[in-house]
Amino acid sequence: MADPLISGPPISSGTLIDYLEQAGRQPDGGVRFVDRSEQTTWYSFAQVRERALGVCAGLRSLGVTRGDRVAVVFPTGIGFFDAFFGTLLAGAVPVPLYPPVRLGRMEEYLGRTTRMLEVTGARLVLADSRVRRILGKAVAAARPALGCRTVEEIRGPEGGAGDSFDEITRPDPSDLGLVQFSSGTTVDPKPVALSHRALVAQTEIIKSFWRDEPGFRHSGVSWLPLYHDMGLIGCVLPSLARDSALTLIGPEVFVARPAIWLRSLSRWKASVSPAPNFAYSLCLNRVSDADMAGVDLSGWRHALTGAEAVAPSVARAFCDRFARWGFRPEALAPVYGLSEAALAVTFSDLSDPFHSVQVDREDLARDGVARETDDGREIVSVGRPVPGFRLEIRDRDGQILPPDRVGRLWIEGPSLMDGYLGAPEATACALRDGWLDTGDLGFLHGGELYLTGRAKDVVILRGRNYAPDEIERAVEGLPGVRAGCVAAASWLPENADGERLVLFVEAARHATPLQAQALPAACRRAVLAGAGLDADEVVVLAPGTLPRTSSGKLRRQETLRLWLAGELVPPAPVTPLRLAGTMARSGLAYARLRWSRNG
């Protein structure tokens, strides 16, 4: 029986208030916002703290008390910082929610927001003034006791007189510090309850990787949404704790002009910036040589890639393409984490290029054994456990599996969630004896973790298990296929002799009628050649049809459910021009831009 992996000592505890109180002592500590024209606005962390104290005073006068949940719904900007940290200083619990992202799915968005407000028991909603107008129906349905306010109203017309740190309500490390919704790839998003202790532990873990040197301080750039754990816990909190500079770009700005990300890294000489796989692919497809004029990426030491499966072909192509501008292959570092662990669980070696293994597809699908071969499925390592974490690969009976055997990934560490807020049954299923069932499948090889997929997303055919992302990648790049918009799933029809493989493919906006007509046959050929499987059904869809999470991940099982129910239809266009204009101007159409990047 294999011993569980362990790395590093336990992490000391504290609260997020400690970070905010101590911030602003370094002259370069603060947050910079970059707009579409690459103009910037800078706030030192001392200013962030003072603004938050003003909001704290307003919240207290409104009646917000210790432990109250406050929903925070903002695009990337200083308003999010005001609301998030003002809520913490008032002793309340921020609940970051995503602003509207799909113009054609407004009813779906409002319904989901209503459920989130209800399940968290939010007493108050703080929102950007433009978002507030859109949230009316959700707020009316959820009926938070204190309604929906803007930070300007809370702080008052003159900015408001802020409390001092002597007057604030100081939480205990065990108190709830944040409700972070899971991405909801296989089920509806769940409210992850994270204590101050867990958040501080995770922040200290991430901090430990960015050690300053004489004459050099790490700084970061991020375009990730602030309501998402990778953007908030992975970027904002470590920068605050280190009192270092963080440059933020709105996600809708990045998707429209991805070169701004790379130019910001060069301009501000940033060393750390994480992103999911699609971002690196987007740069390959949408950043021209002319966009890179004068750019120097040699200072980008840690280009972390996580949040979704890492495509080795994309990683290699990015390293090759941007080497001309100083990007070093050892900078690209695959990582793994999840909301229930407050974020990071494993990191690749930050001093060596990423690496992968090729494993026999048949052995992996039939027996769950990762046997190396020269011509098999290539899987990228996501590294070893971060300090304080342990990993185990278990079978269905909970027995620990040896290396090179695929099973469910269980983790234990100092930043695990307390549970799912208000959901004891779901919590009991996920947490057992201090260990978390991640729901992810993978194996250990050479002491490192390799992920093969999500347990609930596995494609089962003739008793064998296949990863959907490998099937989906086989058709990426076909003429007429919208990049990143392919979903594979399996189902067992009634009275059938076995499972069926179905492939859902969004046609690119620029696809010609002939390309769309040829897609089913072309996809079948590509899946057979790339994954060795026959696709029983290929369903060609209009752009924007596939359901996604708030962070843009595919919801494969929801796609299958809707298709079987005859409900998989594209979103209706938004007819009120005023609403569309308001959202576009406020930079909230993130998903609309995200998924139309090739057409």
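1. How many residues has α8, and how far does α8 reach from its first C-alpha to its last? Helix α8 has 12 residues and reaches 16 Å, close to the 16 Å expected at 1.5 Å a residue. The expected span of a helix is 1.5 Å times one less than its number of residues. Helices (H or I, at least four residues) and strands (E, at least two) are DSSP runs, numbered from the N terminus.

2. The model is predicted: local features need pLDDT of at least 70, side-chain atom pairs count only at pLDDT 80 or more, and totals for chains, interfaces and linings use all residues. Residues are numbered from 1 along each chain as its sequence is written, and side-chain values use heavy atoms, with hydrogens and water left out.

3. The overall composition may be stated briefly. The protein has 20 helices and 28 strands. Of its 599 residues, 59% count as buried, where buried means under 20% relative accessible area, exposed over 50%, and partly exposed in between (1.4 Å probe, protein chains only). Among contacts in the protein with a separation of 6 or more, 73% are between residues 24 or more positions apart; a contact means heavy atoms within 4.5 Å.

4. An open sheet of three strands has the order β8-β9-β20, with antiparallel pairing. Its edge strands are β8 (176-181) and β20 (419-420), each of which pairs on one side only. Two strands pair if DSSP finds at least two bridges between them. Between β8 and β9 (residues 191-195) there are five bridges, in the antiparallel sense, and F181 has P191 of β9 as its bridge partner.

5. Helix α9 (residues 229-242) lies across β8 and β9 and runs at about 140° to β8. Axes are lines fitted to C-alpha atoms, for helices over the stretch in contact, and angles run from 0 to 180 degrees between N-to-C directions.

6. Because nine of the 12 residues of α8 are buried, this helix is largely enclosed by the rest of the structure. The buried residues of α8 include H196, Q202 and T203, as well as L199, V200 and I205.

7. Helix α3 (residues 78-89) should span 16 Å for its 12 residues at 1.5 Å a residue, and its end C-alpha atoms are 16 Å apart, which agrees. Helix α3 is mostly covered, with 12 of its 12 residues buried; D82 and T87 are among them. G91 follows α3 and has a positive phi, near 85°.

8. Helices α3 and α9 pack at an angle of about 80°, with their axes 14 Å apart. That makes α3 roughly perpendicular to α9 (under 35 degrees counts as roughly parallel, over 145 as roughly antiparallel, 65 to 115 as roughly perpendicular and the rest as oblique). F80, F81, F84 and F85 of α3 meet L232, V236, L237 and L240 of α9. By class, this contact has eight nonpolar, no polar and no charged residues. Ala, Val, Leu, Ile, Met, Phe, Trp, Tyr, Cys and Pro count as nonpolar, Asp, Glu, Lys and Arg as charged, and the others, Gly among them, as polar.

9. An open sheet of four strands has the order β12-β13-β14-β17, with mixed pairing. Strands β12 (303-305) and β17 (384-385) are at its edges, each pairing on one side only. Strands β13 (residues 332-338) and β14 (residues 343-347) run antiparallel and are joined by four bridges; Y336 stands opposite T346 in β14.
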